[in-house]
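Hello,

Here is the structure I promised to pass on to you. Have a look at it first, and then read my notes below.

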Amino acid sequence: MEWAPAECTLPTEERPLRAAEFDELFASALRGLERVGPTHLRLTLDDGAHVEETARDLTARETGCCSFFTFTLAPGREGLVVDIEVPAVHAKVLDGLAVRAIEAVPQIAS
């Protein structure tokens with residue numbers, strides 16, 4: 001599923017690289033996924049300085065090209081909690097990101 005919307009300012013040729021960065025973060029650190037609502041996705045990542053640094057860098061760059069994303073990172077009991085929210089018009093983009101996460105770590109969907 002293509003999850004980059006037309007409003008994304010990231011150059012088209014760089015989009016596969018950004019998607020790969022998300023895939024790598026999911027594959028290496030994702031421990032939980034919860035769809036809080038149609039416009040709100042909550043991810044739980046491993047805790048640790050490297051994961052947090054990677055997640056903060058990636059989400060900051062993603063907000064830079066897709067300003068409709070709101071990423072909130074906070075420590076949680078199970079690890080680093082990443083809340084991702086979008087306006088209703090971009091719910092399909094959030095759907096695509098959730099699908100990428102599940103494809104990277106299928107056991108979290110069970």
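A29 is found in helix α1 (helices are DSSP runs of H or I with at least four residues, strands are E runs of at least two, and both are numbered from the N terminus). With a relative accessible area of 0%, A29 is buried (buried means under 20%, exposed over 50%, partly exposed in between, using a 1.4 Å probe and protein chains only). Leaving aside residues up to four places away in sequence, A29 touches T44, L45, D46 and V51 (a contact is heavy atoms within 4.5 Å). T44 lies 15 residues from A29 in sequence and 8.3 Å from it in space, C-alpha to C-alpha.

A word on the source: this is a predicted model, where local features need pLDDT of at least 70 and side-chain atom pairs count only at pLDDT 80 or more, while totals for chains, interfaces and linings use all residues. Residues are numbered from 1 along each chain as its sequence is written, and side-chain values use heavy atoms, with hydrogens and water left out.

Now to α2, which covers residues 49-65. Its buried residues are V51, A55, L58, T59, E62 and C65. They sit on the same side of α2, because they cover an arc of only 120 degrees around the axis (taken from the directions from the helix axis to the C-beta atoms). The face turned away from that buried side carries the exposed A49, E53 and G64. What do the buried residues of α2 pack against? They meet α1 (15-29), β2 (40-45), β3 (70-75) and β4 (80-85).

Enjoy exploring!

Technical notes
Expected span 1.5 Å × (residues − 1).
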